[in-house]
Amino acid sequence: MTPDEGRGRLVREMGLAHADFWRLLPQAVGDCPWRADGTRVGIEVDGGRVEIELGPEGERRIAGLTLPSTTVRFRWEGVARPAFDAFLERFDRYYRRGGG
């Protein structure tokens with residue numbers, strides 16, 4: 001891996017409150033060891049580290065409907081892109097809303 005491989009950043013606006021994030025996190029990360037500190041969590045993935053930081057809770061309004069909203073920042077280092085993509089695919093399955 002070159003110095004720039006295995007690292008990156010991603011920012012998402014997710015339709016969830018902090019309580020929802022913490023409730024689903026253990027299933028979303030599977031067997032990966034993790035540790036929380038305030039609004040941040042560090043997760044060991046494939047010999048590297050993924051850090052997730054939650055922004056402030058907000059609301060999204062659609063007509064008369066109000067939904068929770070949180071900016072979620074991902075940063076990874078020492079994790080090859082295929083391993084990060086596999087981690088994110090599993091993570092997304094647990095946080096996906098709306099069915100389909």
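I worked from a predicted model, in which local features need pLDDT of at least 70 and side-chain atom pairs count only at pLDDT 80 or more, while totals for chains, interfaces and linings use all residues. Residues are numbered from 1 along each chain as its sequence is written, and side-chain values use heavy atoms, leaving out hydrogens and water.

Sheet. I looked up the strand order (strands being DSSP runs of E, at least two residues, and helices runs of H or I, at least four, numbered from the N terminus) and found an open sheet of five strands, 1-5-4-3-2, with antiparallel pairing, where pairing requires that DSSP finds at least two bridges between two strands. Strand 1 (7-14) and strand 2 (34-37) are the edge strands, each pairing on one side only. I then checked strand 3 (residues 40-45) and strand 4 (residues 48-62), which run antiparallel and are joined by six bridges; E44 stands opposite R49 in strand 4.

Helices. I noted that the axes of helix 1 and helix 2 (residues 81-95) come within 9 Å and cross at roughly 135 degrees, with axes fitted to C-alpha atoms, for helices over the stretch in contact, and angles running from 0 to 180 degrees between N-to-C directions. The two helices, helix 1 and helix 2, are therefore oblique to each other, since angles under 35 degrees count as roughly parallel, over 145 as roughly antiparallel, 65 to 115 as roughly perpendicular and the rest as oblique. For the contact (heavy atoms within 4.5 Å), I listed residues of helix 1 including F21, L24 and L25, which meet a set in helix 2 that includes F87, F91 and Y94.
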